[in-house]
Amino acid sequence: MEARPQNPWTGQCKKEAKIGKRRQMKRYIELLQHLIATPSYSREEARTADILATFLEQAGVQEVQRLHNNVWVRSRHFDPAKPTLLLNSHHDTVKPGSGWTRDPFSPEISDGKLYGLGSNDAGGSVAALTAAFLHFHGVEGLRYNLCLALTAEEEVSGANGIESILPQLGELSFALVGEPTGMELAIAERGLLVLDCVAHGQAGHAARDEGDNAIYRAMRDIDWFRTYRFPRESALLGGVKMSVTVVNAGTQHNVVPDECRFTVDVRVPDSYTHEEVLAEVRRHVASEVVPRSVRLKPSAIDPSHPIVQAGLALGRRTFGSPTMSDQALLPVPSLKMGPGDSARSHRADEFIFLKEIEEGIDLYIAMLDAVCR
């Protein structure tokens, strides 16, 4: 007898698929609603970590692991001899800004939209990646092990986020990172380098021609940051982008300041390393330059990688992302992709379309099926 076609979510025949898929969607929408209703600001995600751990346990995952507010699980037939594919998204949120006309923690559905803080960034990805992981959790004979990590502190790039559990995850081959991209393929992402700079002068009385004004010295360097163009550019991300965002100097009106401090936000494409950018800056400016951190690296994945090719085969397009994610902390190639729209992130009355979550689950499953079978 000819085998009946199977539904990608439920494993049922077409006759039963519609009901089964609706039931599964309801399950993941309810998970997301539960997360939205539970405040989970960065470094305060304990309760949403509890929710996710409980959900996975009730779904039949026997070994749910946790460190700080990070939760991770491995596929049932995990084989140490096989490479591991990491599925990652974050369950922390920023704090709601002004302008909300709804309760940020009331997960209301209206006109096909689910409203609430974290619904788009990145609750939709958390729900969809969890659905995709559970779909493959008990499947034997896959080419890759699957590891699902739902992590904390992404919005602040905190030390107790994904970086803290990398040693526990073991060797990884590559990663699929869930962030709102409209389910398009972000194959490159800028890194972040924050520079604290100090221009030194000499104090003097403002009424007399004495001293060496540190503000004027800083202005020369600030103008260099404003106008300089690094010679190499990324095909997807363009050039290095430098923005002076904070300036502090002086104590009173009649004293020439001997010090001017300023901060530079540097967005680094994959055409440079942080160390190369820092060396170039120090060659050109007179101010003292100290990087706060070189942790948040630019990332890129080869367009020929199987996970990218799987997405292209499904009609998705590639692009370079100007925003940063936990990709910056991953030591392996990674693809950023998820339901929702990045433009809605961190905005008042944040929402995600229910159909975006459904599409996200479908596409995640289809791509993993192409790569792992």
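**Note on helix packing around α3**

1. Helices α2 and α3 cross in a right-handed manner. A crossing is right-handed if the near helix is turned clockwise from the far one by less than a right angle, and left-handed if anticlockwise. Helices are DSSP runs of H or I with at least four residues, strands are runs of E with at least two, and both are numbered from the N terminus.

2. This is a predicted model, in which local features need pLDDT of at least 70, side-chain atom pairs count only at pLDDT 80 or more, and totals for chains, interfaces and linings use all residues. Residues are numbered from 1 along each chain as its sequence is written, and side-chain values use heavy atoms, with hydrogens and water left out.

3. The axes of α2 (residues 46-58) and α3 come within 12 Å, crossing at roughly 25 degrees. Axes are lines fitted to C-alpha atoms, for helices over the stretch in contact, and angles run from 0 to 180 degrees between N-to-C directions. α2 is therefore roughly parallel to α3 (under 35 degrees; over 145 is roughly antiparallel, 65 to 115 roughly perpendicular, the rest oblique).

4. On the α2 side, L52, F55 and L56 meet V126, T130 and L134 of α3 (contact means heavy atoms within 4.5 Å). These residues divide into 5 nonpolar, 1 polar and no charged. Ala, Val, Leu, Ile, Met, Phe, Trp, Tyr, Cys and Pro count as nonpolar, Asp, Glu, Lys and Arg as charged, and the others, Gly among them, as polar.

5. Helix α3 (residues 119-136) also packs with α8 (residues 354-372): their axes come within 9 Å and cross at roughly 40 degrees. The two are therefore oblique to each other.
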